[in-house]
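Here are my notes for you to read with the viewer open. Take them one point at a time, and find each residue as it comes up.

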Amino acid sequence: MWSRVALRHGRTLSRTFTSSYPKPYSVPDGPVGQNRAARLELAAAYRGLDLLGLNEGVSNHLSAIAPKADGNGEIMLVFNQGLHWNEVTASNLVGLDMTGQTVEGTGAPETTASCIHISIHKSRPDIRVVMHTHQPYATTLASLQDDFKMELVHQNSLRFWNRIAYDTTYSGVAYAFEEGERMAKILGDKDVLMLANHGVIAVAPTVSMAFEMLYYLERASMVQLLGMSTQKKMRTIPEAVPKAMFNEYMKRAQTYADDFFYAIYRQLKMSQPSFES
């Protein structure tokens with residue numbers, strides 16, 4: 001079901017939830033270790049986004065495709081319904097098949113997690129990770145009537161040049177796979193989907209890249225909204241600038257993401273070591 005390699009933005013992306021960057025954890029070889037690594041990284045992402053204030057209540061959801069621990073195929077890991085993000089651990093994540101049935105662990109996610117994430121994973125064989133949040137600044141930007149767009153007003157904005165899709169019609173809570181499929185169609189081959197009156201979705205081949213995208217999307221949105229609040233005209237960066245730097249940036253993008261995510265991981269190991277349990 002899952003193709004191994006896809007070509008996007010002029011670079012090759014492997015079908016893996018992580019990269020070759022040195023890890024702050026160790027796991028055994030084989031499917032058991034790969035499953036354990038995916039669980040560790042996804043649990044760290046839940047805890048880290050909570051630490052940064054980018055989640056909302058016990059809602060929103062993060063997922064990653066990983067090998068089953070028994071080596072028999074792949075699953076989508078996601079957290080159990082009702083847990084706060086600071087309660088998520090590597091072991092209490094549940095594994096779903098592509099029909100939404102729990103096949104590893106016990107429990108089940110909230111309905112919208114299955115409807116959104118499974119639909120996007122099915123439509124995008126080049127990505128392994130889907131992260132959906134209602135983070136405040138990006139969600140506020142997505143709720144504006146006339147300025148619902150990331151503008152090139154700051155260095156952080158440039159990393160999202162030509163990488164964002166915009167869903168301008170709020171269609172209600174995603175209680176059916178059809179709504180997830182609609183979102184996936186609008187996302188297309190982009191890396192971020194901004195959902196009008198709702199929130200944002202980031203997709204990536206690795207946990208670290210999706211995590212970093214959400215963080216910098218929030219920072220870029222914050223700068224834009226603060227600038228707009230002055231009611232003065234903002235200085236925009238010519239599109240020729242990100243166009244010229246894009247390929248060089250993307251060569252380094254995974255390393256930038258790993259640097260940030262694993263720094264957060266190390267902080268969590270000191271302050272919230274239970275996430276690795």
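**Notes on the predicted model**

1. Let's begin with charge. The chain carries 27 positive and 27 negative side chains, and the centres of these two sets are 6 Å apart. Keep in mind that you're looking at a predicted model.

2. Now the overall build. You can count seven helices and ten strands in the chain. Along the principal axes, the C-alpha atoms fill a box of roughly 55 × 40 × 40 Å. A compact globule of 277 residues would have a radius of gyration near 19 Å, and the chain has 18 Å, so the two agree.

3. Of the 277 residues, 55% are buried. The chain exposes about 12,200 Å², with carbon and sulfur atoms supplying 52% of that area. Take the contacts between residues at least 6 apart in sequence: 70% of them join residues at least 24 apart.

4. Have a look at helix H5, residues 177–187. Which of its residues are buried? They are Glu179, Gly180, Met183, Ala184 and Leu187. These cover an arc of only 140° around the axis, which means they sit on the same side of H5. The face turned away from that buried side carries the exposed residues Glu178 and Lys185.

5. Not counting residues up to four places away in sequence, arginine 182 touches Asp167, Thr169 and Ser171.

6. Over in helix H2, find isoleucine 116. Is it buried or exposed? At 2% relative accessibility, isoleucine 116 counts as buried. Setting aside residues up to four places away in sequence, isoleucine 116 touches His61, His132, Ala174, Gly180, Met183 and Ile201. Isoleucine 116 and valine 130 are 14 residues apart in sequence, and C-alpha to C-alpha they are 9.1 Å apart in space.

7. Next, leucine 195 in strand S9. Leucine 195 counts as buried, at 1% relative accessibility. Its contacts, again without residues up to four places away in sequence, are His132, Ala142, Phe148, Asp167, Met183, Val200 and Ile201. Check Met183 in that list: leucine 195 and methionine 183 are twelve residues apart along the chain, and their C-alpha atoms are separated by 8.6 Å.

8. Let's move to helix H6, residues 207–229, where you'll find valine 207. Valine 207 is buried, with a relative accessible area of 0%. What is valine 207 in contact with, leaving aside neighbours within four places in sequence? The list is Phe17, Glu41, Ala45, Val129, Met131 and Phe261. Threonine 89 is 118 residues away from valine 207 along the chain, with 15 Å between their C-alpha atoms.

9. Asparagine 162 has a positive phi of about 65° although it is not a glycine. It belongs to the loop between helix H4 (155–158) and S8, and at 45% relative accessibility it counts as partly exposed.

10. The other one is glutamine 231, in the loop between H6 and helix H7 (240–271). Its phi is near 60°, a positive value in a residue other than glycine. Buried or exposed? With 75% relative accessibility, glutamine 231 counts as exposed.

Methods
Residues are numbered from 1 along each chain as its sequence is written. This is a predicted model: local features need pLDDT of at least 70, side-chain atom pairs count only at pLDDT 80 or more; totals for chains, interfaces and linings use all residues. Side-chain values use heavy atoms; hydrogens and water are left out. Buried means under 20% relative accessible area, exposed over 50%, partly exposed in between (1.4 Å probe, protein chains only). Helices (H or I, at least four residues) and strands (E, at least two) are DSSP runs, numbered from the N terminus. The arc is that of the directions from the helix axis to the C-beta atoms. The radius of gyration is taken over C-alpha atoms; the globule rule is 2.2 Å times the number of residues to the power 0.38. Contact means heavy atoms within 4.5 Å. Accessible areas come from the Shrake-Rupley method with a 1.4 Å probe; for residues, only the protein chains shown count as cover. Lys and Arg count as positive and Asp and Glu as negative; His and the chain ends are not counted. The place of a charge is taken as NZ of Lys, CZ of Arg, CG of Asp or CD of Glu.
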